[in-house]
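Let's take a friendly walk through this model, from its sheet to one of its pockets. Have your viewer ready.

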Amino acid sequence: MHEHEYCIIGAGNIGILLSYFLRNEDVAIIKKNNSEITYVRLLNGEKSWEQRFVSFEIENNFFCRKALIATKAYNVEEVVSKIKGKAENVFSFQNGLGIIEILVNNFGVKNSFGSSITYGVSSCGKYCTEIKGLGEIIVGQLGKKYDENVLSEFSYAIKKGGGNIEVVDDIMPYLWLKAIINSAINPITTLLGSKNKAVIENDFAQSLALKTIKEGEKVASALGIKLPSDPEKMLFEIATKTGENYSSMLQDIKNKKRTEIDYINGYIALQGEKLSLNVETNKTLYLMVKALEKELFIT
Ligand SMILES: NC(=O)C1=CN([C@@H]2O[C@H](COP(=O)(O)OP(=O)(O)OC[C@H]3O[C@@H](n4cnc5c(N)ncnc54)[C@H](OP(=O)(O)O)[C@@H]3O)[C@@H](O)[C@H]2O)C=CC1
Ligand SMILES: CC(C)(CO)C(=O)C(=O)O
(Lines give C-alpha, C1' and ligand atoms only; values in the text may rest on other atoms or scores of the structure.)
(Ligands and ions follow the chains in the order given, each with its own letter.)
Protein backbone atom coordinates (compact mmCIF):
# COMPACT_ATOMS: atom_id res chain seq x y z
CA MET A 1 0.00 0.00 0.00
CA HIS A 2 1.17 3.56 -0.79
CA GLU A 3 1.40 5.77 2.31
CA HIS A 4 1.87 9.52 2.17
CA GLU A 5 1.89 12.44 4.56
CA TYR A 6 -0.23 14.55 2.17
CA CYS A 7 -2.69 13.48 -0.51
CA ILE A 8 -4.09 16.25 -2.66
CA ILE A 9 -7.42 15.13 -4.08
CA GLY A 10 -8.15 16.98 -7.31
CA ALA A 11 -5.45 18.49 -9.54
CA GLY A 12 -7.36 21.65 -10.43
CA ASN A 13 -6.52 25.25 -9.56
CA ILE A 14 -6.53 24.94 -5.77
CA GLY A 15 -4.98 21.44 -5.84
CA ILE A 16 -2.04 22.72 -7.87
CA LEU A 17 -1.67 25.81 -5.64
CA LEU A 18 -1.49 23.47 -2.61
CA SER A 19 0.96 21.16 -4.38
CA TYR A 20 3.20 24.16 -5.04
CA PHE A 21 3.22 25.22 -1.37
CA LEU A 22 3.83 21.58 -0.33
CA ARG A 23 6.37 20.86 -3.11
CA ASN A 24 9.08 19.76 -0.65
CA GLU A 25 6.82 17.46 1.39
CA ASP A 26 5.76 13.85 0.89
CA VAL A 27 2.82 14.49 -1.45
CA ALA A 28 0.71 12.29 -3.73
CA ILE A 29 -1.89 13.63 -6.11
CA ILE A 30 -5.13 11.66 -6.18
CA LYS A 31 -7.05 11.73 -9.42
CA LYS A 32 -10.52 10.68 -10.40
CA ASN A 33 -9.65 8.17 -13.10
CA ASN A 34 -6.85 6.93 -15.28
CA SER A 35 -5.95 10.32 -16.74
CA GLU A 36 -2.19 10.59 -16.71
CA ILE A 37 -0.75 13.30 -14.42
CA THR A 38 2.94 13.68 -14.91
CA TYR A 39 3.70 17.32 -14.28
CA VAL A 40 1.74 20.12 -12.67
CA ARG A 41 2.57 23.71 -13.48
CA LEU A 42 2.03 27.00 -11.66
CA LEU A 43 2.53 30.49 -13.08
CA ASN A 44 3.06 33.45 -10.78
CA GLY A 45 3.79 36.67 -12.64
CA GLU A 46 7.05 36.13 -14.51
CA LYS A 47 7.86 33.00 -12.53
CA SER A 48 6.93 29.49 -13.62
CA TRP A 49 7.23 26.25 -11.60
CA GLU A 50 6.79 22.69 -12.76
CA GLN A 51 7.04 19.45 -10.78
CA ARG A 52 6.28 15.78 -11.19
CA PHE A 53 4.28 14.13 -8.39
CA VAL A 54 3.42 10.56 -7.52
CA SER A 55 -0.23 10.11 -8.41
CA PHE A 56 -2.93 7.50 -7.86
CA GLU A 57 -6.48 6.90 -8.85
CA ILE A 58 -8.94 7.51 -6.02
CA GLU A 59 -10.06 3.85 -6.28
CA ASN A 60 -6.50 2.59 -5.51
CA ASN A 61 -5.27 1.32 -2.18
CA PHE A 62 -3.48 4.18 -0.40
CA PHE A 63 -3.28 5.82 2.99
CA CYS A 64 -2.80 9.52 3.72
CA ARG A 65 -2.10 11.12 7.05
CA LYS A 66 -3.55 14.38 5.73
CA ALA A 67 -6.00 14.27 2.83
CA LEU A 68 -6.59 17.68 1.26
CA ILE A 69 -9.85 17.72 -0.70
CA ALA A 70 -9.43 20.27 -3.50
CA THR A 71 -12.43 19.36 -5.65
CA LYS A 72 -15.58 21.39 -6.17
CA ALA A 73 -18.11 21.37 -3.31
CA TYR A 74 -20.52 19.07 -5.18
CA ASN A 75 -17.82 16.35 -5.47
CA VAL A 76 -17.04 16.21 -1.75
CA GLU A 77 -19.64 13.56 -0.74
CA GLU A 78 -18.41 11.18 -3.43
CA VAL A 79 -14.74 11.82 -2.59
CA VAL A 80 -15.42 11.25 1.11
CA SER A 81 -17.11 7.91 0.40
CA LYS A 82 -14.05 6.85 -1.61
CA ILE A 83 -11.37 7.90 0.90
CA LYS A 84 -13.10 6.63 4.04
CA GLY A 85 -10.64 4.33 5.81
CA LYS A 86 -7.79 5.66 3.62
CA ALA A 87 -7.23 8.99 5.37
CA GLU A 88 -6.60 9.99 8.97
CA ASN A 89 -7.09 13.77 8.89
CA VAL A 90 -9.20 15.40 6.21
CA PHE A 91 -9.10 19.05 5.08
CA SER A 92 -11.70 20.84 2.94
CA PHE A 93 -10.82 23.83 0.72
CA GLN A 94 -14.15 24.50 -0.94
CA ASN A 95 -15.93 27.81 -1.13
CA GLY A 96 -19.42 27.72 0.30
CA LEU A 97 -21.13 26.20 3.31
CA GLY A 98 -22.22 22.77 4.50
CA ILE A 99 -18.96 21.02 3.55
CA ILE A 100 -17.11 20.69 6.86
CA GLU A 101 -20.27 19.06 8.26
CA ILE A 102 -19.83 16.22 5.71
CA LEU A 103 -16.26 15.67 6.96
CA VAL A 104 -17.32 15.73 10.61
CA ASN A 105 -20.08 13.16 9.93
CA ASN A 106 -17.60 10.81 8.28
CA PHE A 107 -14.26 11.36 10.05
CA GLY A 108 -15.30 12.89 13.38
CA VAL A 109 -14.74 16.44 14.62
CA LYS A 110 -11.13 15.74 15.79
CA ASN A 111 -9.98 14.68 12.33
CA SER A 112 -11.90 17.26 10.26
CA PHE A 113 -10.44 20.58 9.17
CA GLY A 114 -11.97 23.46 7.24
CA SER A 115 -10.39 26.37 5.43
CA SER A 116 -11.05 29.63 3.70
CA ILE A 117 -8.82 30.56 0.74
CA THR A 118 -8.57 34.10 -0.58
CA TYR A 119 -5.93 33.46 -3.25
CA GLY A 120 -7.31 33.99 -6.77
CA VAL A 121 -6.21 31.26 -9.19
CA SER A 122 -7.20 30.49 -12.78
CA SER A 123 -6.54 27.65 -15.12
CA CYS A 124 -3.79 28.03 -17.73
CA GLY A 125 -4.41 24.64 -19.34
CA LYS A 126 -4.49 21.03 -18.18
CA TYR A 127 -2.69 20.66 -14.81
CA CYS A 128 -1.63 24.32 -15.02
CA THR A 129 -2.79 27.13 -12.76
CA GLU A 130 -1.95 30.80 -12.59
CA ILE A 131 -1.94 32.95 -9.46
CA LYS A 132 -4.02 36.02 -10.28
CA GLY A 133 -4.24 37.44 -6.80
CA LEU A 134 -2.37 36.84 -3.58
CA GLY A 135 -4.37 36.05 -0.48
CA GLU A 136 -4.19 33.68 2.44
CA ILE A 137 -5.36 30.32 3.72
CA ILE A 138 -7.22 30.35 7.02
CA VAL A 139 -7.49 26.92 8.58
CA GLY A 140 -9.12 25.52 11.69
CA GLN A 141 -11.62 23.08 13.15
CA LEU A 142 -15.23 23.26 14.28
CA GLY A 143 -15.57 24.89 17.69
CA LYS A 144 -11.92 24.79 18.74
CA LYS A 145 -8.50 23.41 17.82
CA TYR A 146 -8.88 19.69 18.56
CA ASP A 147 -5.56 18.72 17.05
CA GLU A 148 -2.96 21.46 17.39
CA ASN A 149 -0.22 19.14 16.07
CA VAL A 150 -1.86 18.50 12.72
CA LEU A 151 -2.74 22.19 12.36
CA SER A 152 0.77 23.37 13.15
CA GLU A 153 2.39 20.74 10.89
CA PHE A 154 0.17 21.83 8.00
CA SER A 155 0.68 25.53 8.59
CA TYR A 156 4.45 25.11 8.99
CA ALA A 157 4.66 23.18 5.70
CA ILE A 158 2.57 25.76 3.80
CA LYS A 159 4.65 28.64 5.20
CA LYS A 160 7.87 26.85 4.30
CA GLY A 161 6.58 26.61 0.73
CA GLY A 162 5.88 30.36 0.60
CA GLY A 163 2.14 30.38 1.39
CA ASN A 164 0.33 32.79 3.68
CA ILE A 165 -1.56 30.85 6.31
CA GLU A 166 -3.29 31.52 9.61
CA VAL A 167 -4.56 28.95 12.09
CA VAL A 168 -7.76 29.93 13.93
CA ASP A 169 -9.74 28.57 16.84
CA ASP A 170 -13.18 28.03 15.30
CA ILE A 171 -13.33 27.92 11.50
CA MET A 172 -17.14 28.31 11.18
CA PRO A 173 -17.26 32.16 11.37
CA TYR A 174 -14.46 32.32 8.76
CA LEU A 175 -16.36 29.94 6.45
CA TRP A 176 -19.42 32.17 6.74
CA LEU A 177 -17.40 35.34 6.14
CA LYS A 178 -15.83 33.87 2.98
CA ALA A 179 -19.20 32.50 1.77
CA ILE A 180 -20.77 35.95 2.23
CA ILE A 181 -17.98 37.53 0.16
CA ASN A 182 -18.36 34.83 -2.52
CA SER A 183 -22.15 35.35 -2.48
CA ALA A 184 -21.50 38.85 -3.79
CA ILE A 185 -18.42 38.49 -6.03
CA ASN A 186 -19.14 35.15 -7.71
CA PRO A 187 -22.71 35.39 -9.05
CA ILE A 188 -22.48 39.09 -9.93
CA THR A 189 -19.22 38.71 -11.90
CA THR A 190 -20.67 35.56 -13.49
CA LEU A 191 -23.82 37.32 -14.66
CA LEU A 192 -21.79 40.29 -15.93
CA GLY A 193 -19.01 38.17 -17.45
CA SER A 194 -16.54 40.49 -15.71
CA LYS A 195 -13.40 40.30 -13.62
CA ASN A 196 -13.69 40.49 -9.82
CA LYS A 197 -12.87 44.20 -9.79
CA ALA A 198 -16.30 44.91 -11.37
CA VAL A 199 -17.99 44.65 -7.96
CA ILE A 200 -16.06 47.70 -6.79
CA GLU A 201 -15.49 49.63 -10.02
CA ASN A 202 -19.06 49.40 -11.41
CA ASP A 203 -21.27 51.39 -9.01
CA PHE A 204 -24.43 49.42 -9.91
CA ALA A 205 -22.65 46.11 -9.35
CA GLN A 206 -21.21 47.48 -6.11
CA SER A 207 -24.61 48.41 -4.71
CA LEU A 208 -25.98 44.94 -5.58
CA ALA A 209 -22.92 43.34 -3.94
CA LEU A 210 -23.42 45.38 -0.76
CA LYS A 211 -27.13 44.46 -0.63
CA THR A 212 -26.23 40.77 -0.98
CA ILE A 213 -23.66 41.01 1.78
CA LYS A 214 -26.08 42.71 4.18
CA GLU A 215 -28.52 39.79 3.82
CA GLY A 216 -25.77 37.24 4.50
CA GLU A 217 -24.71 39.18 7.60
CA LYS A 218 -28.30 39.11 8.90
CA VAL A 219 -28.54 35.34 8.40
CA ALA A 220 -25.18 34.70 10.09
CA SER A 221 -26.13 36.91 13.00
CA ALA A 222 -29.51 35.17 13.43
CA LEU A 223 -27.65 31.86 13.56
CA GLY A 224 -25.42 33.24 16.33
CA ILE A 225 -22.32 33.40 14.12
CA LYS A 226 -20.01 36.29 14.96
CA LEU A 227 -18.17 37.22 11.79
CA PRO A 228 -14.43 37.72 12.42
CA SER A 229 -14.26 40.94 10.40
CA ASP A 230 -16.42 43.41 8.55
CA PRO A 231 -17.66 41.72 5.32
CA GLU A 232 -17.97 45.04 3.50
CA LYS A 233 -14.32 45.85 4.19
CA MET A 234 -13.35 42.30 3.19
CA LEU A 235 -15.30 42.59 -0.07
CA PHE A 236 -13.28 45.66 -1.09
CA GLU A 237 -10.05 44.02 0.03
CA ILE A 238 -10.60 40.71 -1.81
CA ALA A 239 -12.08 42.28 -4.95
CA THR A 240 -9.06 44.61 -5.08
CA LYS A 241 -6.44 41.91 -4.48
CA THR A 242 -8.07 39.48 -6.94
CA GLY A 243 -9.35 42.26 -9.24
CA GLU A 244 -7.76 40.73 -12.34
CA ASN A 245 -9.15 37.25 -11.61
CA TYR A 246 -12.30 35.79 -13.10
CA SER A 247 -14.18 34.26 -10.14
CA SER A 248 -14.26 30.46 -9.95
CA MET A 249 -18.00 30.62 -10.76
CA LEU A 250 -17.45 32.56 -13.96
CA GLN A 251 -14.62 30.18 -14.89
CA ASP A 252 -17.07 27.30 -14.39
CA ILE A 253 -19.69 28.89 -16.64
CA LYS A 254 -17.07 29.64 -19.31
CA ASN A 255 -16.00 25.98 -19.14
CA LYS A 256 -19.65 24.84 -19.24
CA LYS A 257 -19.25 23.28 -15.79
CA ARG A 258 -21.69 23.20 -12.91
CA THR A 259 -21.27 26.12 -10.46
CA GLU A 260 -21.21 26.04 -6.65
CA ILE A 261 -24.16 28.44 -6.32
CA ASP A 262 -26.15 25.86 -4.26
CA TYR A 263 -23.44 25.99 -1.58
CA ILE A 264 -23.15 29.79 -1.57
CA ASN A 265 -26.25 31.96 -2.27
CA GLY A 266 -28.49 28.85 -2.31
CA TYR A 267 -27.30 27.83 1.15
CA ILE A 268 -27.55 31.36 2.61
CA ALA A 269 -31.05 31.84 1.13
CA LEU A 270 -32.24 28.49 2.49
CA GLN A 271 -30.98 29.25 6.00
CA GLY A 272 -32.53 32.74 5.82
CA GLU A 273 -35.91 31.36 4.68
CA LYS A 274 -35.91 28.88 7.57
CA LEU A 275 -35.48 31.86 9.89
CA SER A 276 -38.17 33.88 8.02
CA LEU A 277 -35.63 36.52 7.02
CA ASN A 278 -35.74 38.54 3.82
CA VAL A 279 -33.15 36.92 1.55
CA GLU A 280 -34.61 38.02 -1.79
CA THR A 281 -31.31 39.27 -3.23
CA ASN A 282 -29.50 36.00 -2.54
CA LYS A 283 -32.51 34.04 -3.82
CA THR A 284 -32.63 36.09 -7.03
CA LEU A 285 -28.90 35.69 -7.69
CA TYR A 286 -29.28 31.96 -6.98
CA LEU A 287 -32.16 31.65 -9.45
CA MET A 288 -30.34 33.69 -12.11
CA VAL A 289 -27.23 31.49 -11.96
CA LYS A 290 -29.34 28.29 -11.93
CA ALA A 291 -31.26 29.63 -14.95
CA LEU A 292 -27.96 30.37 -16.71
CA GLU A 293 -26.73 26.82 -16.01
CA LYS A 294 -29.97 25.49 -17.50
CA GLU A 295 -29.70 27.69 -20.60
CA LEU A 296 -26.20 26.28 -21.12
CA PHE A 297 -27.40 22.69 -20.55
CA ILE A 298 -25.18 22.30 -17.49
CA THR A 299 -26.51 19.66 -15.08
N1 LIG B 1 -10.24 29.26 -8.23
C2 LIG B 1 -10.16 30.09 -7.20
O3 LIG B 1 -9.65 31.21 -7.29
C4 LIG B 1 -10.65 29.65 -5.84
C5 LIG B 1 -11.35 28.45 -5.68
N6 LIG B 1 -11.78 28.08 -4.44
C7 LIG B 1 -12.54 26.84 -4.22
O8 LIG B 1 -11.69 25.71 -4.37
C9 LIG B 1 -12.44 24.57 -4.81
C10 LIG B 1 -11.74 23.97 -6.04
O11 LIG B 1 -11.81 24.94 -7.08
P12 LIG B 1 -10.88 24.88 -8.37
O13 LIG B 1 -9.54 24.33 -7.99
O14 LIG B 1 -10.95 26.19 -9.02
O15 LIG B 1 -11.67 23.75 -9.22
P16 LIG B 1 -11.15 22.89 -10.45
O17 LIG B 1 -12.33 22.46 -11.23
O18 LIG B 1 -10.02 23.61 -11.12
O19 LIG B 1 -10.51 21.61 -9.74
C20 LIG B 1 -11.23 20.56 -9.18
C21 LIG B 1 -10.50 19.28 -9.53
O22 LIG B 1 -11.06 18.19 -8.81
C23 LIG B 1 -11.08 17.06 -9.69
N24 LIG B 1 -12.02 16.06 -9.19
C25 LIG B 1 -13.36 16.02 -9.25
N26 LIG B 1 -13.85 14.88 -8.69
C27 LIG B 1 -12.77 14.17 -8.26
C28 LIG B 1 -12.59 12.90 -7.64
N29 LIG B 1 -13.63 12.12 -7.35
N30 LIG B 1 -11.34 12.49 -7.37
C31 LIG B 1 -10.26 13.25 -7.67
N32 LIG B 1 -10.35 14.45 -8.30
C33 LIG B 1 -11.59 14.91 -8.59
C34 LIG B 1 -11.51 17.68 -11.01
O35 LIG B 1 -11.27 16.81 -12.10
P36 LIG B 1 -12.16 17.02 -13.47
O37 LIG B 1 -11.87 18.41 -13.96
O38 LIG B 1 -11.64 15.94 -14.34
O39 LIG B 1 -13.59 16.84 -13.05
C40 LIG B 1 -10.60 18.93 -11.02
O41 LIG B 1 -9.30 18.63 -11.50
C42 LIG B 1 -13.84 25.09 -5.14
O43 LIG B 1 -14.69 24.81 -4.07
C44 LIG B 1 -13.64 26.61 -5.28
O45 LIG B 1 -14.80 27.33 -4.94
C46 LIG B 1 -11.47 28.81 -3.32
C47 LIG B 1 -10.79 29.98 -3.43
C48 LIG B 1 -10.33 30.50 -4.70
C1 LIG C 1 -11.30 34.75 -3.75
C2 LIG C 1 -12.15 34.55 -5.02
C3 LIG C 1 -13.20 35.62 -5.12
C4 LIG C 1 -11.13 34.69 -6.11
O5 LIG C 1 -11.66 34.86 -7.39
C6 LIG C 1 -12.82 33.20 -4.96
O7 LIG C 1 -12.97 32.65 -3.89
C8 LIG C 1 -13.47 32.57 -6.15
O9 LIG C 1 -13.23 32.97 -7.28
O10 LIG C 1 -14.24 31.62 -5.92
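## Ground rules

Two strands count as paired if DSSP finds at least two bridges between them. Strands (E, at least two residues) and helices (H or I, at least four) are DSSP runs, numbered from the N terminus.

This is a predicted model, where local features need pLDDT of at least 70 and side-chain atom pairs count only at pLDDT 80 or more, while totals for chains, interfaces and linings use all residues. Residues are numbered from 1 along each chain as its sequence is written, and side-chain values use heavy atoms, with hydrogens and water left out.

## The open sheet

An open sheet is formed by 8 strands in the order E5-E2-E1-E6-E7-E8-E11-E12, with mixed pairing. Strand E5 (54-57) and strand E12 (165-170) are at the edges with a single partner strand each, so one side of each has no neighbour in the sheet. On average, neighbouring strands are turned by 30° against each other, direction ignored. Axes here are lines fitted to C-alpha atoms, for helices over the stretch in contact, and angles run from 0 to 180 degrees between N-to-C directions.

Inside the sheet, strand E1 (residues 2-9) and strand E2 (residues 27-31) run parallel, joined by 4 bridges. Cys7 has Ala28 in E2 as its bridge partner.

## Helices on the sheet

Helix H1 (residues 13-21) lies across E1, E2, strand E6 (62-69), strand E8 (112-117) and strand E11 (137-141), at about 130° to E1. Helix H2 (residues 76-83) also packs on the sheet, touching E1, E6 and strand E7 (87-92), and its direction makes about 165° with that of E6. Contact means heavy atoms within 4.5 Å.

## Pairings of E10

Strand E10 (residues 128-133) pairs with strand E3 (residues 39-44) in the parallel sense over 3 bridges; Leu43 has Glu130 as its bridge partner. Strand E9 (residues 120-123) runs antiparallel to E10, with 4 bridges, and Ser123 stands opposite Thr129. The hairpin of E9 and E10 has 4 residues between the strands, and Gly125 takes a positive phi near 120° there.

## A pocket between domains

On a 1 Å grid over the protein atoms alone, a pocket is an open set of points where a 1.4 Å probe fits, with protein on both sides within 12 Å along at least five of seven lines; lining residues have an atom within 4 Å of a point. The second largest pocket is lined by 16 residues, with Thr118, Glu136, Ile138, Met234 and Glu237 nearest its centre. Helix H8 (231-241) and helix H5 (172-192) are the elements giving two or more residues to this lining, and H8 gives the most, with 4.

Domain 1 (2-170) and domain 2 (173-295) both contribute to the lining, so the second largest pocket lies between them. These domain bounds come from an automatic or database assignment.

Methods. Chains lettered and ligands numbered in written order.
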